[in-house]
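Here is a short tour of the structure shown below, meant to be read with the viewer open.

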Amino acid sequence: MEVISFLADGILLALEPINFALIILGVTVGLFIGAMPGLGSVNGVAILLPITFLVPPNSAIIFLAAIYYGAMYGGAISSVTLGIPGASTAVATTFDGRPLALQGRASLALVTAALASFVGGTVANVLFTLFAPVLASTALSFGPPEIFALMLLAFATFVGLGGDDIPKTVFSICLGLVLAAVGFDTISGEPRLVLFEIDGFMRGIGFIVLAIGVYGIGEMLWTIEQTRGEVTTTNPKMTAKGMASDAKEAMQRGWKGTTIGSLIGFFVGILPAAGATPGSLMSYGVAKMMSKTPEDYGNGSPDGVAAPEAANNSASTGSMLPMLTLGIPGSPTTAILLGGMVIWGLTPGPRLFLDETEFVWGLIGSFYISNIAALVINLAFIPLFVWMLRMPFTILAPLIFVLSIIGGFAASRSMHDLWLIVIFGIAAFFLRKFDYPLAPAVLAIVLGPIAEPTLRQSLLLSSGDPMIFFNRPIAGPITIVAIILILLPGLKFLRRKRAMAKN
Amino acid sequence: MKLTKRLFLALAASTTIATLPIAAFADGWQPKRPIDFTIMAGAGGGADQIARFIQSVVEANDLTNRPLIPTNRGGGSGAESLLHLKDARDPDHTLLVTLNSFYTTPIRQEALGVDIETFTPIIMMGVDPFVLWVHKDSGITTFEDFVTKVKEMDGEFVMGGTGTGQEDSIVIAYMSGAYDLKIKYIPYDGGGAVAKDLAGKQIMATVNNPSEAKGFYESGDFVPLLAFSDERMDAYPDVPTLKEKGHDFSYYNQRAIVGAPGMSDEAAAYYREVFGKVYDSEKWQGYLVSESLSPLIMDEAETRAYWSRQVQNHRQLLSEMSN
């Protein structure tokens, strides 16, 4: 087995003192960058890229990949403790992580997230090691129609998410899609929906802005109004024994979500246009669908935390695959890593895997080590994060507000985005009062920018014939499954109505 | 509060490393605060790659006493960056890393009110040629084969490129016009996505920059057919140019650094010296060769003349395209 010896060499390389030290540093930095709402692995990797000039390329990429890894773990932390997704990859983690925290089980949620991330990362590493070249050619067979079909599937798995009020869910999705369409249209090359002719809208509305507004500001206003500031949700005592029992519970109640998330995350992650966010959202949706107790989802199900967290880690390893085997970025972060490779004098592309074995396998080896390091460091910091929740709400609330504003500004360095965050926050507060689900809007702003161009590219390819989504061997089955899933809740709803009419 | 403290320590540490040694400009103008290094495209694209490469050379050699802060402002096909520079409050500390949307975007979006000829020339780091690529499985090996094939397919030949009304579509439109070709054009949001879909045979040809297609060329998947450069390229000596075929057309993506309008002469001189050193560095010279960029060294007056020629050319190309 040639692969095993390559991998062994790679792991040894990753364990060299300088590399190991960089892994520990990178994972820790990544963990905190990921935990900060607004900042994600993209920011961390971009900021630290020039520093890596000081060390050999092997160590540099290992360091940056460790940041990427750490940030994937860290994203869950603010989703659970603050209720703000730290990055788009951790949106689905808020759905059940936040309720668990409000029930005083923040530690269970964080431990579940850490363990699921570890399993997801490990499963992806093994698949990566064994099947990299085969999977690379699969990734290439996904053109615009296939990616669109996949996005349709992602939306479909979420139709039931907003609860029973289908019109309000549809409204929320449409709102998100409209916001996603603001800015510049790649296909026509023209600006569109530049609201009030304000130049800031040229850039469009980013996920971060909406998510921080909705979860950071809107949710906080709502909580203040509901509780008049007297939030007594959490009284967590952190002991080693408590964490051990949480870990046991996490394994018992989260294994199913972890399994689903690990597999779906990896396969969605290797597709260059898709990446970790759709992967984690789809995993949540599928885990809910396959659950015997779907009603637990959204009310603090460990499976609901495990599925997206396993998926986003698995997908982030997966997105390294097109980067290393084809020289194509699977996510914005890997795009920056590719830029780094050029700086270090490497040529990304199909030859990299064959010509630069030490570099490639050193990186793959470091995935295994980073994953273990991230688990240990993350578990060690959980008491700290849970302790934050013990702060009186009168302190925590302004703190969240400040973090939201800093995070929102740091991502784009634009005042325009800050005003939008505040406006979205206030709008979200009122929508929430009128019982509009907001998660679908957030999903739409994440998936819309992938779905819309691929839909239009596909239709350009077929000269306007929608059959392109049905008569291609990969797109066809995915589209059909998606359509069935979309129609399912409608059929159930009709049947229930008919049954009610009979009574 | 340890969370934010940690993060800021990490960030502070990175800035400290970046600023530690003071640059060796004894006299003259020096930056007083961090330098806004705006990138006219999103993270990971060609312009972004070059900006971060330049930043790494500046930092490795301690060329500035204040750090360059790269910020991606790619919105509206670069409109966001152009407005940012036009309205810069501190023109002495505001730089832009450009591509050709520097010319096309103000023409296509006149409402912006941006006149790039008011901007301050700093340096042209190189120009990036365009090459016509097909997949090896297509069986096409020469440009003549390509023309025959496109004509046979009568409008069903699919090419991909970055955006509409931008570099790739300009090159493809010129070629189609010159050879009377009917090509179905699919716009993508970046050169990487275009190369990927040619590798996966979702599209049939591209006009990627060599840096974007190089990996697949070296693995033997992509075949170069025609270069849109003035002369044959060193990296592809057997590939003919469109000029050899008798059409007076060449097209390059400019990789330049530009200052905000109203930048003082002293500041501009300072930046020219800094980036001149980057340009002369072994690293950058190596990059020019490995990424097949052509040098195009110009002083300030020549750059201004070059800009006004480019604006005219693009105005003409874009108006021919829309006819």
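Let us begin with a term: a residue is called buried if its relative accessible area is under 20%, exposed if over 50%, and partly exposed in between, using a 1.4 Å probe and protein chains only. This is a predicted model, in which local features need pLDDT of at least 70 and side-chain atom pairs count only at pLDDT 80 or more, while totals for chains, interfaces and linings use all residues. Residues are numbered from 1 along each chain as its sequence is written, chains are lettered from A and ligands numbered from 1 in the order in which they are written, and side-chain values use heavy atoms, with hydrogens and water left out.

**Aromatic pairs in chain A**

Rings of Phe, Tyr and Trp (its six-membered ring) pair if their centres lie within 6.5 Å; planes under 30 degrees apart count as stacked, over 60 as edge-to-face and the rest as tilted. Over all chains, the search of the whole structure finds 35 aromatic pairs. One of them joins A:Phe381 and A:Phe385, and it is tilted because the ring centres are 6.4 Å apart and the planes stand at 50°. Both residues belong to helix H16 of chain A, 4 residues apart, about one turn of the helix. Helices (H or I, at least four residues) and strands (E, at least two) are DSSP runs, numbered from the N terminus. A:Phe385 is buried, because its relative accessible area is 1%. A:Phe381 also counts as buried, at 17% relative accessibility.

A:Phe429 and A:Phe430 form an edge-to-face pair, because their planes are at 70°, with ring centres 5.1 Å apart. A:Phe429 is buried at 12%, whereas A:Phe430 is partly exposed at 43%.

| Ring pair | Centre distance | Plane angle | Kind |
|---|---|---|---|
| A:Phe381 and A:Phe385 | 6.4 Å | 50° | tilted |
| A:Phe429 and A:Phe430 | 5.1 Å | 70° | edge-to-face |

Charges meet rings in chain A too. A charge sits over a ring if NZ of Lys or CZ of Arg is within 6 Å of the ring centre and within 35 degrees of the ring normal. The charged end of A:Arg432 is placed over the ring of A:Trp222, 3.6 Å from its centre. A:Lys168 lies over the face of A:Tyr436, 5.1 Å from the ring centre.

**A glycine in helix H16**

Helix H16 of chain A (residues 357-389) also holds A:Gly362. This glycine is buried, because its relative accessibility is 0%. Contact here means heavy atoms within 4.5 Å. Leaving aside residues up to four places away in sequence, A:Gly362 touches A:Gly10, A:Leu13, A:Ala14, A:Ile62 and A:Thr357. A:Ile62 is 300 residues from A:Gly362 in sequence, yet their C-alpha atoms are 7.7 Å apart.

**The nonpolar core and chain B**

A nonpolar core is a set of buried Ala, Val, Leu, Ile, Met, Phe, Trp, Tyr and Cys residues joined through side-chain atoms within 4.5 Å. The largest has 268 residues, and B:Leu132, B:Phe146 and B:Phe275 have the most contacts inside it. H16 of chain A gives the most to this core, with 19 residues. The core lies between domain 1 (33-128 + 252-322) and domain 2 (131-227) of chain B, because both give residues to it. Domain bounds come from an automatic or database domain assignment. The C-alpha centres of these two domains of chain B lie 27 Å apart, and 16 residues of domain 1 are in contact with 12 residues of domain 2.

B:Phe146 has contacts that include B:Leu132, B:Phe157 and B:Met175. B:Phe275 belongs to an aromatic cluster with B:Trp29, B:Phe37, B:Tyr270 and B:Tyr271.

**Helix H10 of chain B**

Which residues of helix H10 (residues 282-290) of chain B are buried? They are B:Trp284, B:Tyr287 and B:Leu288. The buried residues pack against helix H14 (332-343) of chain A, together with helix H2 (46-60), strand E4 (120-129) and helix H9 (265-280) of chain B.

Just after H10 of chain B, B:Ser292 takes a positive phi of about 60°. B:Ser292 sits in the loop between H10 and helix H11 (300-322) of chain B, and counts as buried at 10% relative accessibility.
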